[in-house]
Amino acid sequence: ENRAFGEATIPFYVTAKSDNEVTGQVFNDRNELIQTIQISKPDSGLNYISWRLDEAVTKRAGGWDDPEAKGILALPGKYKVVLQYGGKKDSTWVSIIPDPRFEYKVDVEVAHHDALKRLDKTAAKLATALNILKESYEVID
């Protein structure tokens, strides 16, 4: 069976159906939290949670939140995924390898990734400034 392209599907087992949410935290090799994934109301038995092999990006205030949109693509490497459910934790590792269909230049990919991270931080600062401006207009009104 072919695996889903562009995502890691992580199996987990639940002994009883519940309204609890399963939360996964993805950490890079520097133990930095890069993404949070969730699944609501898992069934009793075997379940799956998917990570789209991306890092979280800043949500834009007033922007449309597209559930299909990916964040910044994670670089090839090893990532730790910690699942939490009903007060219990477990973890697994996910390895991302370079796409074998393309000639892969590590320094170019790292520079591109770093530029996207800097752009996201700048967008977050802009969003904060715009929210402050909006709140000041509301106070004046």
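Which strands are included in what covers the buried residues of α1? Among the elements in contact with them (heavy atoms within 4.5 Å) are β5 (54-55) and β6 (72-73).

This is a predicted model, in which local features need pLDDT of at least 70 and side-chain atom pairs count only at pLDDT 80 or more, while totals for chains, interfaces and linings use all residues. Residues are numbered from 1 along each chain as its sequence is written, and side-chain values use heavy atoms, with hydrogens and water left out.

Helix α1 covers residues 106-140, where helices (H or I, at least four residues) and strands (E, at least two) are DSSP runs numbered from the N terminus. The end C-alpha atoms of α1 are 51 Å apart, which agrees with the 51 Å that its 35 residues should span at 1.5 Å a residue; that expected span is 1.5 Å times one less than the number of residues. Within α1, H113, D120, A123 and A127 are buried, whereas L126 is exposed, with a relative accessible area of 52%. Here buried means under 20% relative accessible area, exposed over 50%, and partly exposed in between (1.4 Å probe, protein chains only).

Strand β2 pairs with two strands, as the table shows; two strands pair if DSSP finds at least two bridges between them.

| Pair | Sense | Bridges |
|---|---|---|
| β2 (residues 21-27) and β3 (residues 33-40) | antiparallel | seven bridges |
| β2 (residues 21-27) and β7 (residues 77-85) | antiparallel | five bridges |

F27 has L33 in β3 as its bridge partner, and T23 stands opposite Q84 in β7. The hairpin of β2 and β3 has five residues between the strands, and N31 in its turn has a positive phi of about 60 degrees.
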